[in-house]
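I opened this notebook to record what I looked up in one structure. The entries follow the order in which I worked.

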Amino acid sequence: MELIQAKDYQDMSQRACSLVLERLRGMEDPVLGLATGSTPEGMYNCLIEAYRKGEASFNNLTTFNLDEYVGLKKEHPKSYHSYMKEKLFKHINIGEDQIHLPNGTAVDLDSECLEYEKLIKNAGKIDLQILGIGLNGHIGFNEPGTSFESRTHMVELDESTRKANARFFSSIEEVPKKAVTMGIGTILDSKEIILLVSGKNKAAALARLLKGEVSESFPASALGEHPNTIIIADESSLNS
Ligand code: F6R
């Protein structure tokens, strides 16, 4: 794992954005894995800015998001479909047929998970996967204890994860209890991974990751087994 130290959130976002743009420019039909949450928002803003300035185009891009809540329709304002539309997709040149997120309202969620895996496989490997990290070390919605070989599957969200994500809802009761997420094995299949880490509240998780002990009790530690992972972390997350 390579560590890039950024000054602050803005700097982390810009470095991530530059790296993404550099990689996309070098590929004919890039496949990008995307995350939601607070951490990548600045990077998405920077990508939008680059598009507006005519410095980036996304017409040959395919995207796969890590996860979606179970039970929220695409159009629900708190769904990850809506997040991605609002934070990135509606501002750039990308069409519906280029973007993929799990369908959290599928009648048969097990088939939905298999179908999502198939879609990723048919697109070739994910060239570059963007990740954030949960307070408990989750990546995607793979909570502690998840097998490093797991593929896209349905999960029960940890209470700590629901609490952390309650800030996006009116109350914790509204936060769904389940989600569909790419598995850790799915994530590790990506050719390259960029993990973004920002803020004091992530310092303990980052310190644990950097210690290097690989264990299923700490999902992000799986990245230690990936040959091509870059962590971009800001100063506040590095000062534990
Ligand atoms: C989001 C995701 C999660 C988040 C993590 C950090 O699609 O898969 O793993 O990356 O919960 O969230 P933030 O960035 O809000 O701290």
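Entry on overall dimensions. I noted that the model is predicted.

Entry on burial and contacts. I found that 43% of the 240 residues count as buried. Of the contacts between residues at least 6 apart in sequence, 81% join residues at least 24 apart.

Entry on the nonpolar core. In soluble globular proteins, nonpolar side chains tend to be buried together. I looked up the largest nonpolar core here, which has 61 residues. Among the members that touch the most others are A16, L47, I194 and A220. Strand β9, residues 192-197, gives the most to this core, with 5 residues.

I counted 8 helices and 10 strands in the chain. An open sheet with parallel pairing is formed by 7 strands, in the order β1-β10-β9-β6-β2-β3-β5. Its edge strands are β1 (2-6) and β5 (99-100), each of which pairs on one side only. I found 5 bridges between β1 and the parallel strand β10 (residues 229-234). Q5 has A233 in β10 as its bridge partner.

Entry on helix α1. Helix α1 (residues 9-25) packs on the sheet and touches β1, β6 (128-131), β9 and β10. I recorded an angle of about 155° between the directions of α1 and β10.

Methods:
Residues numbered from 1 in each chain as written. Predicted model: local features only at pLDDT ≥ 70, side-chain atom pairs only at ≥ 80, totals over all residues. Helix = DSSP H or I, 4+ residues; strand = E, 2+ residues; numbered from the N terminus. Buried ≥ 20, exposed ≤ 12 C-beta atoms within 10 Å, placed from the backbone. Contact = placed C-beta atoms within 7 Å. Core = buried A, V, L, I, M, F, W, Y, C linked by C-beta atoms within 7 Å. Pairing = 2+ DSSP bridges. Axes fitted to C-alpha atoms, helices over the stretch in contact; angles between N-to-C directions.
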